Every structure is written in C-alpha cells, then in structure tokens.
Amino acid sequence: MAIRYPNGKKYVPATEKKASSKKQVKKDLTFSNRGKTLEDMIDEANAYYLTVKEAVIHKKPVPIQIVNVEYPSRSAAVIREAYFRTPSTTDYNGVYKGHYIDFDAKETKNKTSFPLKNVHLHQVTHMRAVTAQGGVCFLLIRFSILNRSFVLPFSILNAAWAEMEKGGRKSIPFDVFEQDAIEIKESYSPQLDYLKAVTVLLPL
C-alpha cells in the first residue's frame, strides 16, 4: 500500500529504509533489547502499565485518507494508496497519576547531540498548547549507539527550539541530557520503565 504525505511525497517506513540501504550500521545492543525498536519497548511498557493499572497510555492512530482500494474478493479489501490527511502531532498520550501526558518518541544514532531536525514545528506547537492547558509534555529520546534513553522535559526542547529560530544551534548537546534530562534505567519488566522518569515532571 502506498501512503503519501499531504504534499504528495511517498511515505517510506523506517524499516523499509533500512532494508533498502546498502550501508548498514551495526547496532551495539545488549542481548535483552536486540532486535527491539524504541517503539517496541514503549508499547511493551504501555501494555504493562495498563495491566497493573498504573497508567493508560496509547499510541495515537495516524489519520489517513484512502484514495485507492482494490477488492480481490467479496470478503476482502486491499488499500493500494492513501495519504496522511493532516500532519501528526505526537506519538503517545494518556493519563498517569491523574495527569494528562503527551509525548513523542525519537531515536538517533548521533552520539554527541540530538538534531532538532528530528522534531517538527507542528509538534512543538502542539506541545506548547498542551502545556498551556496543564498537560505534561516531553520527548522520549534514545541514543541507540550509546544504548541510553532519556525523558527530555518540553521546557528544554522549547528553549532549544527558540534558540534555533533565532539562528542559534540546531541541536541539543548530549551533555544537556546528562545534566537536565532524566535518564531511563532499563529493567526487567518492563524493560523501558519510562514512567519512573516521568514522575519527576509531575506537578506537586
């Protein structure tokens, strides 16, 4: 199925991009998370939180406009082409300890900084609006080569974005993560227990 952005550009999933690339970068992963993507680990954690009634957090569905459908049989339909109807906001939202949380998950192979090009203006605008209403927003960022994950408060992202718009730095240095973000320590179940880090961001 071909899915296209509102501007008509074809959407290529990250897994397909990796498969088509001739230069593969070998990931330095531990045995416990070998083969797992950041999304896999978050989904696993969310399922755990729901089961133990700790939080209700889900991945947001992506709104698409279907333009071409084939019916190979009377009981089956195959979507051949579709477009994203509107730009997506963030990946996940839900409720934790009575607070609305809204966040996006990003993964980078960069070892020294997080490029702000991985975030979109409409996502920042969305998180600003959510924060203004009392919601808790953040980025969950994984430095895959370093095998380290962080919860980055929106206030830090917002400040870095404002600096970039003024012509300043276009990335967040890794030492900012070590100093001001909350690192997620991997555990057994769930492997990426990110809510322990999020607890620090909740209003008192």
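Y92 stands opposite F103 in β6, where helices (H or I, at least four residues) and strands (E, at least two) are DSSP runs numbered from the N terminus. This is a predicted model, in which local features need pLDDT of at least 70, side-chain atom pairs count only at pLDDT 80 or more, and totals for chains, interfaces and linings use all residues. Residues are numbered from 1 along each chain as its sequence is written, and side-chain values use heavy atoms, with hydrogens and water left out.

**Sheet**

- Strand β5 (residues 92-96) and strand β6 (residues 99-108) run antiparallel and are joined by five bridges; two strands pair if DSSP finds at least two bridges between them.
- An open sheet of six strands, with mixed pairing, has the order β2-β5-β6-β8-β9-β11.
- Its edge strands, β2 (55-59) and β11 (182-184), each pair on one side only.
- From one strand to the next the twist averages 25°, axes being lines fitted to C-alpha atoms (for helices over the stretch in contact) and angles running from 0 to 180 degrees between N-to-C directions.

**Helices**

- Helix α2 (residues 38-51) lies across β2, β5, β6 and β8 (136-143), and runs at about 145° to β2.
- Helix α3 (residues 121-132) packs against helix α4 (residues 154-165) at an angle of about 135°, with their axes 11 Å apart.
- That angle makes α3 oblique to α4, because angles under 35 degrees count as roughly parallel, over 145 as roughly antiparallel, 65 to 115 as roughly perpendicular and the rest as oblique.
- The contact (heavy atoms within 4.5 Å) is made by L121, V124, M127, R128 and T131 of α3 together with F154, L157, N158, W161 and E165 of α4.
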